[in-house]
Amino acid sequence: QDWEQRQEEDTLLIERILLLVRNVLHVPPDPTEEQGVDGDASVHDRVLWALHVSGMDDLLKFLASAQVEQQWALHVLEIISLMFRDQNPEELAVLGQGPAGAEHGEDTRELETLRQRELAEKRARALQRPSRHSRFGGSYVLQGLKSIGERDVVFHKGLHNLKSYSHDLGKEPRRVPRRRQAA
């Protein structure tokens, strides 16, 4: 029924059913009671399978996605969180993919090892290659030539440029207006 056609009793019934499902899923597991064989489905898993067989999971998906059924959103969210209780996300992701997921994981590992090998080869080639000459010529202190203040000049160019050194090196020349320029 649409929400406009529902009676108050129908709304209470829906809420009670959702609370019942939530309370059933909320029961904590008891390992002493569940003495099954390894790989056997737990009580929680069997309850989830019963919900799936009855079609309740489809109803929960509808209630979660329908715009007009937003009043049940928190109940549905709590039920879904209880459905995934004690589950490992990685196992769930691999479980849904089947054998293709295992192949994908194997391919991913293989690609990762190839990538690591390639990076190692690249590093080895970089170490074997002779290093290029850096443009850094060194820093020199020119004793006897004072900079601003009382300290000696620190010269950052190569020694072959020392002959052309002046204090104005690297400075923009002052612009003289046209009318004051010499003829």
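**View 1. Residue classes in the lining of the largest pocket.** The lining of the largest pocket has 5 nonpolar, 3 polar and 4 charged residues. Nonpolar covers Ala, Val, Leu, Ile, Met, Phe, Trp, Tyr, Cys and Pro; charged covers Asp, Glu, Lys and Arg; the others, Gly among them, are polar. This is a predicted model: local features need pLDDT of at least 70, side-chain atom pairs count only at pLDDT 80 or more, and totals for chains, interfaces and linings use all residues. Residues are numbered from 1 along each chain as its sequence is written, and side-chain values use heavy atoms, without hydrogens and water.

**View 2. Residues around the largest pocket.** Among the lining residues are Asp-45, His-52, Phe-84 and Leu-95. Helix 2 (43-54) and helix 5 (89-97) each supply at least two lining residues. Helices are DSSP runs (H or I, at least four residues), numbered from the N terminus.

**View 3. The largest nonpolar core.** This core has 13 residues. It is a set of buried Ala, Val, Leu, Ile, Met, Phe, Trp, Tyr and Cys residues joined through side-chain atoms within 4.5 Å; buried means under 20% relative accessible area (1.4 Å probe, protein chains only). Those with the most contacts inside the core include Leu-18, Val-21 and Met-83. Helix 1 (8-26), helix 2, helix 3 (56-65) and helix 4 (73-83) give two or more residues each. Helix 4 gives the most, with 4 residues.

**View 4. Contacts of Leu-18.** Which residues does Leu-18 contact, leaving aside its neighbours within four places in sequence? They are Leu-60, Leu-63, Trp-72, His-75 and Ile-79. Contact means heavy atoms within 4.5 Å.

Definitions and conventions. On a 1 Å grid over the protein atoms alone, a cavity is a set of points where a 1.4 Å probe fits but cannot get out, and a pocket is an open set with protein on both sides within 12 Å along at least five of seven lines; lining residues have an atom within 4 Å of a point. Buried means under 20% relative accessible area, exposed over 50%, partly exposed in between (1.4 Å probe, protein chains only).
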